[in-house]
Amino acid sequence: MSSYDENESKFLRKAKENPFVPVGMAGFFAIVGYRLLKMKSRGDTKMSVHLIHMRVAAQGFVVGAMTVGVLYSMYKEYIVKPREEQKAVQHK
């Protein structure tokens, strides 16, 4: 039972450190779900083409979320953190 709590808290801790991972996962599943529902009305489009479009859209969303996450962490590390350190030095 304690290992379950540790795993849950580890996931929540990681999600707080990098909030774009759950956003990327949610977007991936939302796109896949939407495209699977849309499969009924795909018309004369071949199944393989429809699945390729679904995969490209889902992967594009995940890559975009990862890119935004990396840019956000770089902003925090190289812009915000030095400013806070500089302000702390000036106030001493």
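Me: Where is His 50 found?
Reply: Look in helix H3 of this predicted model: that's the helix holding His 50.

Me: Is His 50 buried or exposed, and what makes you say so?
Reply: His 50 has a relative accessibility of 4%. Buried means under 20%, so His 50 counts as buried.

Me: What is His 50 in contact with, leaving aside its neighbours within four places in sequence?
Reply: With Arg 35, Lys 38, Met 39, Arg 42 and Thr 45.

Me: Why are H2 and H3 called roughly antiparallel?
Reply: Start with the angle: the axes of H2 (residues 20–38) and H3 (residues 47–91) cross at roughly 165°. Angles over 145 degrees count as roughly antiparallel, and therefore H2 and H3 get that name. Their axes come within 9 Å, and H2 passes H3 in a right-handed crossing.

Me: Which residues make the contact?
Reply: On the H2 side they include Phe 20, Gly 24, Phe 28 and Arg 35. On the H3 side, His 50, Ala 57, Phe 61 and Tyr 72 are among them. By class, the contact has 14 nonpolar, 5 polar and 2 charged residues.

Me: How many aromatic pairs does a search of the whole structure find?
Reply: It finds 2. One of them is Phe 20 with Tyr 72.

Me: What makes the pair of Phe 20 and Tyr 72 edge-to-face?
Reply: Two values settle that. The rings sit 5.7 Å centre to centre, and centres within 6.5 Å make a pair. The planes are 65° apart, and over 60 degrees counts as edge-to-face. This pair links distant parts of the chain, with Phe 20 in helix H2 and Tyr 72 in helix H3, 52 residues apart.

Me: How do you know whether Phe 29 is buried or exposed?
Reply: Phe 29 has a relative accessible area of 56%. Exposed means over 50%, so Phe 29 is exposed.

Me: What about Phe 28: what does its 31% relative accessibility make it?
Reply: Partly exposed, because that label covers values between 20% and 50%. Phe 20, at 23%, counts as partly exposed, and Tyr 72, at 37%, also counts as partly exposed.

Terms used:
Residues are numbered from 1 along each chain as its sequence is written. This is a predicted model: local features need pLDDT of at least 70, side-chain atom pairs count only at pLDDT 80 or more; totals for chains, interfaces and linings use all residues. Side-chain values use heavy atoms; hydrogens and water are left out. Axes are lines fitted to C-alpha atoms, for helices over the stretch in contact, and angles run from 0 to 180 degrees between N-to-C directions. Helices (H or I, at least four residues) and strands (E, at least two) are DSSP runs, numbered from the N terminus. Angles under 35 degrees count as roughly parallel, over 145 as roughly antiparallel, 65 to 115 as roughly perpendicular and the rest as oblique. A crossing is left-handed if the near helix is turned anticlockwise from the far one by less than a right angle, and right-handed if clockwise. Contact means heavy atoms within 4.5 Å. Ala, Val, Leu, Ile, Met, Phe, Trp, Tyr, Cys and Pro count as nonpolar, Asp, Glu, Lys and Arg as charged, and the others, Gly among them, as polar. Rings of Phe, Tyr and Trp (its six-membered ring) pair if their centres lie within 6.5 Å; planes under 30 degrees apart count as stacked, over 60 as edge-to-face and the rest as tilted. Buried means under 20% relative accessible area, exposed over 50%, partly exposed in between (1.4 Å probe, protein chains only).
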